[in-house]
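I opened this one to see what I could look up by hand. My notes are below, in the order I made them.

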Amino acid sequence: MRRLEALSNTIFGVAMTLLAYDLPKARGFAKAPSWIDLVNAYAQPLIALMISFIVAGMFWFSHHRRLTVAPEGSRGEVFLNLIFLLSIIILPVTNGLYGTYRLDSVVAVIYGVHLTFVATLNALLWLLALRGRGDPELLATAIFPVFALVFATVMAAVAPFVAQFLWCLAFGAPLAGWLVARRWPPRTN
């Protein structure tokens with residue numbers, strides 16, 4: 001798993017850097033841009049970049065916590081981790097599409113399905129890591145983003161403008177974990 005951790009650091013680092021690839025370049029302006037030109041050119045791509053960067057950062061942090069909780073894994077778990085990392089590699093692609101067309105319902109749904117897929121893989125990996133342990137806080141923290149992103153994706157089909165704010169619900173995962181820990185403390189053996 002240590003080799004997987006080193007690989008994941010590289011993958012997350014490259015994917016998070018590539019999120020900025022689709023930002024407009026200065027040479028795209030015929031003359032020095034005005035403030036409104038800058039807002040028009042950069043607002044949508046920067047919103048998508050910030051959402052995707054924070055999401056990727058949260059999944060990177062979760063991935064490292066999970067590898068600490070379960071420092072060993074079966075061949076199947078390593079394979080599932082590799083699929084999870086593949087879903088991270090694709091993030092710059094869906095981010096670029098969403099940054100350009102975030103108010104289009106088809107694009108917003110594609111972006112939401114991708115984020116939900118990443119969150120679902122993360123939750124599955126946490127379920128495997130916590131197998132046999134009584135830690136409802138970590139489990140809730142892993143599962144909450146899946147429900148938040150499913151809800152936001154459904155909204156993206158109907159109201160893509162609203163969905164851009166709902167993606168942020170997934171960031172409530174630590175709060176969900178804290179609330180569950182207060183309600184159901186971990187079992188001690």
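I started with Ser 52, which sits in helix 2; helices here are DSSP runs (H or I, at least four residues), numbered from the N terminus. Before going on, I noted that this is a predicted model, where local features need pLDDT of at least 70, side-chain atom pairs count only at pLDDT 80 or more, and totals for chains, interfaces and linings use all residues. Residues are numbered from 1 along each chain as its sequence is written, and side-chain values use heavy atoms, with hydrogens and water left out.

**Entry 1: Ser 52**

Is Ser 52 buried or exposed? I found a relative accessible area of 0%, so Ser 52 is buried (buried is under 20%, exposed over 50%, partly exposed in between, with a 1.4 Å probe and protein chains only). Its side chain makes a polar contact of 2.7 Å with the side chain of Asn 95 (a pair of N or O atoms within 3.5 Å, where one must be able to donate a hydrogen and the other to accept it; residues adjacent in sequence count only if both atoms are side-chain atoms). Leaving out residues up to four places away in sequence, Ser 52 touches Leu 19, Leu 91, Asn 95 and Tyr 111 (contact means heavy atoms within 4.5 Å).

**Entry 2: helix 8**

Next I listed the buried residues of helix 8: Ala 173, Ala 176, Gly 177, Val 180 and Ala 181. Looking down the helix axis, I saw them fall within an arc of 135°, so they line one face (the arc is that of the directions from the axis to the C-beta atoms). An α-helix has 3.6 residues a turn, so residues three or four places apart point the same way. What do the buried residues of helix 8 pack against? They pack against helix 6. On the face turned away from the buried side I found the exposed residues Leu 175, Arg 182 and Arg 183.

Trp 178 is in helix 8 too, and at 46% relative accessibility Trp 178 counts as partly exposed. Its C-alpha atom is 8.2 Å from that of Thr 141, 37 residues apart along the chain.

**Entry 3: who lines the pocket**

I then checked the lining of the largest pocket. Helix 2 (35-69), helix 5 (105-129), helix 6 (136-158) and helix 8 (173-183) each supply at least two of its residues. Which helix gives the largest share? Helix 2 does, with six residues.
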